[in-house]
Amino acid sequence: MKPSLKILFLCHGNICRSPMAEFVMKDLVRREGRTDIEVESAALHTDEIGNDIHPGTRAKLREKGIPFAPRAAWLLTAAKAREYDFLIGMDAYNIADLKRLVYPEDRPKIHRLLGFAGQARDIADPWYTGNFDATYDDVAEGCAALLKSLA
C-alpha cells in the first residue's frame, strides 16, 4: 500500500533533532498500526551531509527502546519538498529556512513540530545544549500530538 501521507522532519544538519523525530514518529506510527504514513528527515544546511545520526541521539533512542537504522544526512531541495505533505521544522530558524527554500505554493506544508502540541516554542538543538533528554521530551510530545492530529 502506498503511503497517503508523507512527513519530512527538518533541522539544521539532520543528525540530531530531525532524525530523532523521524525514528520517534516511525515508532509511534508502527505502534498505531498505521501503514498510510511515510516518515523521513533531512537537513537545511550542508554542514553534516553524509553523516550518520549524532551519538547522543543514538544513545537517547536506544535508552527509550526506539528502533533506528544507520542513515546519511541529506539536503532538502525545493523540488524534493514537493513530494511531502508536511515539512516540519524544529525551530524558528528552520521555519525561516524552509520558507526561503520551498516554492511559494508549498509554504502551507510548513509547520513547527511543537505547534502540533499547542506550543509556540523551539525544540532546542542538543548539538549546542548537550541536553538530549530535553530534546527527546519535546520531540516525543510534538510527534505524539502530530500523530493525534492525523487520526
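Asp106 lies in the loop between H4 and S4. The model is predicted, so local features need pLDDT of at least 70 and side-chain atom pairs count only at pLDDT 80 or more, while totals for chains, interfaces and linings use all residues. Residues are numbered from 1 along each chain as its sequence is written, and side-chain values use heavy atoms, with hydrogens and water left out. Helices (H or I, at least four residues) and strands (E, at least two) are DSSP runs, numbered from the N terminus.

**Asp106**
- Asp106 counts as buried because its relative accessibility is 5% (buried is under 20% relative accessible area, exposed over 50%, partly exposed in between, with a 1.4 Å probe and protein chains only).
- Not counting residues up to four places away in sequence, Asp106 touches Ala78, Arg82 and Leu87 (contact means heavy atoms within 4.5 Å).

**The sheet**
- Four strands make an open sheet with parallel pairing, in the order S2-S1-S3-S4 (two strands pair if DSSP finds at least two bridges between them).
- Strand S2 (37-43) and strand S4 (110-112) are the edge strands, each pairing on one side only.
- From one strand to the next, the twist averages 25 degrees.
- Strand S1 (residues 5-11) and strand S3 (residues 86-89) run parallel and are joined by four bridges; Phe9 has Ile88 in S3 as its bridge partner.

**Helices across the sheet**
- H1 lies across S1 and S2, at about 170 degrees to S2 (angles run from 0 to 180 degrees between N-to-C directions, and axes are lines fitted to C-alpha atoms, for helices over the stretch in contact).
- Helix H4 (residues 92-101) lies across S1, S3 and S4, and runs at about 175 degrees to S4.

**Helix H1 and its helix partners**
- Helix H1 (residues 17-31) packs with helix H2 (residues 55-64) at an angle of about 20 degrees, their axes being 10 Å apart.
- H1 and H2 are therefore roughly parallel (under 35 degrees; over 145 is roughly antiparallel, 65 to 115 roughly perpendicular and the rest oblique).
- In this contact, Met20, Phe23 and Val24 in H1 meet Thr57, Lys60 and Leu61 in H2.
- By class, the contact of H1 with H2 has four nonpolar, one polar and one charged residues (Ala, Val, Leu, Ile, Met, Phe, Trp, Tyr, Cys and Pro count as nonpolar, Asp, Glu, Lys and Arg as charged, and the others, Gly among them, as polar).
- H1 and helix H6 (residues 132-149) pack at about 45 degrees with axes 9 Å apart, which makes H1 oblique to H6.
- The contact of H1 with H6 comprises 14 nonpolar residues, one polar and one charged.
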